[in-house]
Amino acid sequence: MTHSERAVSIREYAAHVVPGLLQTETYARAVLSVGRTLNNQEQLEERITARLERQERLSAPGRPEMWVILDEAVLRRPVGGQTVMREQLERLLEVASESHVTVQVLPFDQGEHDAMGGSLTVLTMPDESEVAYTEGAHYGQLIEDSAEVRSFTLTYDRLRAAALPPLMSLDMIRSVMEGNHRGAKVPSRSERRRVAQEQLQQSGGRQLRGGGGQVPRRRARP
């Protein structure tokens with residue numbers, strides 16, 4: 001059993017494509033159809049089946065808490081074409097309504113950040129230990145050293161702080177979907193801070209609306 005299959009918490013930053021656990025079948029087919037390691041159609045079908053089977057864990061007893069940060073590029077790249085992408089965005093809105101899933105969007109206007117080289121996943125295991133996984137176009141690396149994992153956890157927390165709050169993120173996903181990938185409005189930073197503060201106050205400072213993850217109380221920015 002892999003680390004991700006045993007994890008009780010999954011925190012993921014996706015730089016290029018929607019995370020596999022949240023992909024529709026047609027989107028997964030488009031993603032898995034490209035790549036140097038694909039040899040034939042049979043192998044493609046096996047990979048699609050395996051990916052869809054892994055998704056069943058999100059609705060099974062003992063399902064993990066999942067917090068996903070999507071780079072804005074993930075929303076705007078029409079993987080599989082406009083119809084496939086619209087279905088995928090609808091899927092994101094649907095899954096984000098679940099209490100154990102939180103989705104945020106990291107907009108382009110945030111500029112450079114620590115994880116620009118690829119995607120990042122931090123997994124919390126049943127014994128509360130953590131591992132991290134980084135992934136690029138043609139490589140992946142599992143990190144188990146505790147000091148390195150703490151560094152990647154800090155990177156993830158910075159991404160989460162820079163991303164749009166959950167409700168604004170869903171509004172942006174909806175705007176991109178309805179606008180055919182053009183003209184989605186990105187709220188100003190002051191507006192984001194205001195809405196985030198309202199959400200924290202309404203939820204007692206422990207949980208942002210629109211997702212199941214908990215966030216610590218924090219001081220308002222000056």
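How many bridges join strand β4 to strand β5, and do these strands run parallel or antiparallel? Six bridges join β4, residues 119–124, to β5, residues 130–135, and the two strands run antiparallel. One of the paired positions is T124, whose bridge partner in β5 is E130. This is a predicted model, and the description below follows it from the overall layout to single residues.

The protein has eight helices and six strands. Read along the sequence, these elements follow the pattern α-β-α-α-β-α-α-β-β-β-β-α-α-α. The protein has 222 residues, and buried residues make up 43% of them. Among contacts between residues at least 6 apart in sequence, 70% join residues at least 24 apart.

The strands come next. An open sheet of six strands has the order β3-β2-β1-β4-β5-β6, and the pairing within this sheet is mixed. Its edge strands are β3 and β6, the latter covering residues 140–143, and each of these two pairs on one side only. On average, and with direction ignored, neighbouring strands of the sheet are turned by 10° against each other.

The pairing of β4 with β5 is antiparallel, whereas β2 and β3 run parallel. Strand β2 spans residues 65–71 and is joined to β3 by six bridges. Within this pair, M66 stands opposite V101 of β3.

Strand β3, residues 101–106, is an edge strand, yet β3 is mostly covered, with six of its six residues buried. V101, V103 and V105 point one way from β3, while T102, Q104 and L106 point the other way, and all of them are buried.

Leaving aside residues up to four places away in sequence, V105 touches L70, E72, L75, A163, L164, S169, M172 and I173. V105 and A14 are 91 residues apart in sequence, and their C-alpha atoms are 9.6 Å apart in space.

The helices also meet one another. Two packed helices are described by the angle between their axes and the distance between the axes. Helix α5 covers residues 82–95 and helix α7 covers residues 166–178; their axes come within 10 Å and cross at roughly 160°. Angles over 145 degrees count as roughly antiparallel, and α5 and α7 are therefore roughly antiparallel to each other. The crossing in which α5 passes α7 is left-handed. On the α5 side the residues that meet α7 are R86, L89, E90, L92 and L93, and on the α7 side they are L170, I173, R174, V176, M177 and E178. By class, this contact has seven nonpolar, no polar and four charged residues. I173 of α7 takes part in this contact and is also among the residues touched by V105.

Helices α2 and α3 form another pair. The axes of α2, residues 25–32, and α3, residues 41–55, come within 10 Å and cross at roughly 135°. That angle makes α2 oblique to α3. Here α2 passes α3 in a right-handed crossing. From α2 the contact involves E25, A28, R29, V31 and L32, and from α3 it involves Q41, L44, E45, R47, I48, R51 and L52. Sorted by class, the contact of α2 with α3 has six nonpolar, one polar and five charged residues.

Two loop residues complete the picture. S59 lies in the loop between α3 and β2. This serine counts as exposed because its relative accessibility is 62%, and the cut-off for exposed is over 50%. S59 and H100 are 41 residues apart in sequence, with their C-alpha atoms 9.8 Å apart in space.

The other residue, E128, lies in the loop between β4 and β5, the strands with which this account began. With a relative accessible area of 69%, E128 is exposed. What is the phi of E128? Phi is near 75°, a positive value in a residue other than glycine. Most residues other than glycine have a negative phi.

How values were computed
Residues numbered from 1 in each chain as written. Predicted model: local features only at pLDDT ≥ 70, side-chain atom pairs only at ≥ 80, totals over all residues. Heavy atoms only, no water. Axes fitted to C-alpha atoms, helices over the stretch in contact; angles between N-to-C directions. Helix = DSSP H or I, 4+ residues; strand = E, 2+ residues; numbered from the N terminus. Parallel < 35°, antiparallel > 145°, perpendicular 65-115°, else oblique. Left-handed = near helix turned anticlockwise from the far one by under 90°. Contact = heavy atoms within 4.5 Å. Nonpolar A, V, L, I, M, F, W, Y, C, P; charged D, E, K, R; others polar. Buried < 20%, exposed > 50% of the residue type's maximum accessible area, 1.4 Å probe, protein only. Pairing = 2+ DSSP bridges.
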